[in-house]
Amino acid sequence: MRDTWNSFVKFFISLRVTVVLLALSIILIFAATLDQVNLGIWAVQEKYFRTFFVLWDVKGFPLPVFPGGYFIGGLLLINLVASHVYRFKLTWKKSGILLTHAGLIILLVGELLTGLWQEEFQLRLDQGQTRNYSESYRFNELAVVDATDPNWDQVVAIPEERLQQRDEIQHERLPFRIVTRAYYPNAAVQMREELGNASAPPPATRDIGARLAIIPIPLTYKQNERNLPAAVIELLGPSNVSLGTWVVSTMLVQPQTFDYAGRTWRLAMRFERAYKPYSLTLLKFSHDRYVGTEIPKNFASKVRLHSQDGSTDREVLIYMNNPLRFDGLTFYQAGFDNNDTTTVLQVVRNPSWILPYIACAMMGIGLLIQFGIHLFAFINKRRA
Amino acid sequence: MPSRRLLLLPALAALLAASGCRDAKIATYRVPRETPPPAAANAQSADPHAGLGIPPVNAASSPAPAMPTDMASTAVPTASGGDLSWTTPANWQSRAASAMRKATFIIPGESAGEQAELAVTAFPGDVGGNLANVNRWRQQLQLAPISASELDSALTHLHAGDLHIDVAELLGPVPADGKPRQRVLGAIVPFNGATWFFKLTGPDALVSREKSAYLAFVQTIRPSR
């Protein structure tokens, strides 16, 4: 038992393992960089770095072909920690190396926590518009809204993944079950009469779905594009009585309304929303250009921040490199639209944002100490 | 103490295993009543989708209607634009474009009520590729789909400026109800990350008569300036 443990430890503290892992990470980064042309930054991160294995699709079957970022990073972390536990002894001469390695450990852990905890949304505001929610630009949801109350909307937000998995969705707040009959990760919807394809049956029986055709589109991985999912869903009441089928799509701007069980319901596939106890109103968006050119000089959004409890009510100017930090979120100036009358703010929550700064500072100081020790030793040697 | 150190490994493994899982839980909440977004056009509009809330499909933009201009891409303002333009024969009558169409033209026939229609549409991406698009048109005419090996012979390849244009010609079966046989001339034009379709549909005789005018028309397609 003791021998097994020793050989186990010997393996994990081996410098050879470190070198192999570093070599693998170089290959991984190289491949991911090349593949970014095809997949874009988000998909590359998911496929190569935020995964245990890089999968290769062979005739619809995903085969692991290379260790992913979590695998290599995890082993590097174990390798580094184990080496410190078993090998290093705290001496003044090695204090710089120890500090540098501790910084590296924090950097690895920080990246893992960023992958786990970071949330990114966007907030799009037209001039004069007020919003109390931001929207995801990667994830979507099916919102089933009980709109009976004249003052309040009771929302059941179902993540797109649940539709994709074709789960039968039953929720205590809904008097019906939701079954996905068809799911398209990226699709355009078009009026059937315009396709001249009246012979093909409509995809759904209720509302606009009876007049639409769904045109599947290949998934896009470009950074400035997003996939627009669509689905055909059936609502089933008690005793499996069908209430009909609906087409839901992020391309449909208007929600679809129907009455059931004495209540009014709205259905909408939309970008996933994150509501906040405060709102932002866009007072003015400025897009300054260098005189006589179309080259942008400055983007700025003057917004009013108003919390529901009345504790905050102030005007804020958000411009490039000067975000608003509020409620654990950072609002960056990210884009614009509609002839400079719409602003787009990137909304980021990253509780571990400080870790890379701490890690870099520790590594910098550690290297300075280590080189300093060697430098002074060298000078003293020459003097002697 | 190996046993204490042993705890380190499962702890790290658990941390790693927790990664990669996105919470796909159903959320419920109550928000102040929201007014649904205004319809794209009012009921008096020529837009056939008025009030339905279908956003226009704009080939120049991304597939996401809500995707705004990224500031990183604004340093080269000349890269903006992205529509196509063309010159139509004098006898083609323009109709109002709709939310889903870039343009519509009506070509009147010899007899009253006889007409062919040219629809110009654009979609992001390649809309499944040429084979899928040709087979979609074939299906509309109740024709059997063709295979990939037959595709090349079904298309005529043209060039207009820097644009590559694939033209398909399809003749539908003789209808049982005595109506005229339908012919389709369809041009597929990839441009700026989108695919434009110029589809002329109408009675066989009329579309055959207009074929040379149609081919001359597709050669005039150019990126808008």
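Residues 12-34 of chain A are 91% helix and 0% strand in this predicted model, with the end C-alpha atoms 31 Å apart. Residues 98-117 of chain A are 100% helix and 0% strand, and here the end C-alpha atoms lie 28 Å apart.

Let's turn to the charged pairs. Over all chains, the structure holds 18 salt bridges. Three of them are set out here:

| Salt bridge | Closest N and O atoms |
|---|---|
| A:E141 with A:R270 | 3.0 Å |
| A:D153 with B:R33 | 3.9 Å |
| B:E210 with B:R209 | 3.1 Å |

A:E141 and A:R270 form a salt bridge within chain A. This pair links distant parts of the chain, 129 residues apart: A:E141 sits in strand β4 (residues 130-146) and A:R270 in strand β12 (residues 263-289). Both A:E141 and A:R270 are buried.

The salt bridge between A:D153 and B:R33 crosses between chains, joining strand β5 (residues 152-159) of chain A to the loop between β1 (27-32) and β2 (69-70) of chain B. B:R33 has 37%, so it counts as partly exposed.

In chain B, B:E210 pairs with B:R209. B:E210 counts as buried because its relative accessibility is 6%, while B:R209, at 38%, counts as partly exposed. Elsewhere, B:E169, B:R183, B:D204 and B:K211 are joined into one network by salt bridges that share partners.

Note on methods:
Residues numbered from 1 in each chain as written. Chains lettered and ligands numbered in written order. Predicted model: local features only at pLDDT ≥ 70, side-chain atom pairs only at ≥ 80, totals over all residues. Heavy atoms only, no water. Helix = DSSP H or I, 4+ residues; strand = E, 2+ residues; numbered from the N terminus. Salt bridge = Lys/Arg side-chain N within 4 Å of Asp/Glu carboxyl O. Buried < 20%, exposed > 50% of the residue type's maximum accessible area, 1.4 Å probe, protein only.
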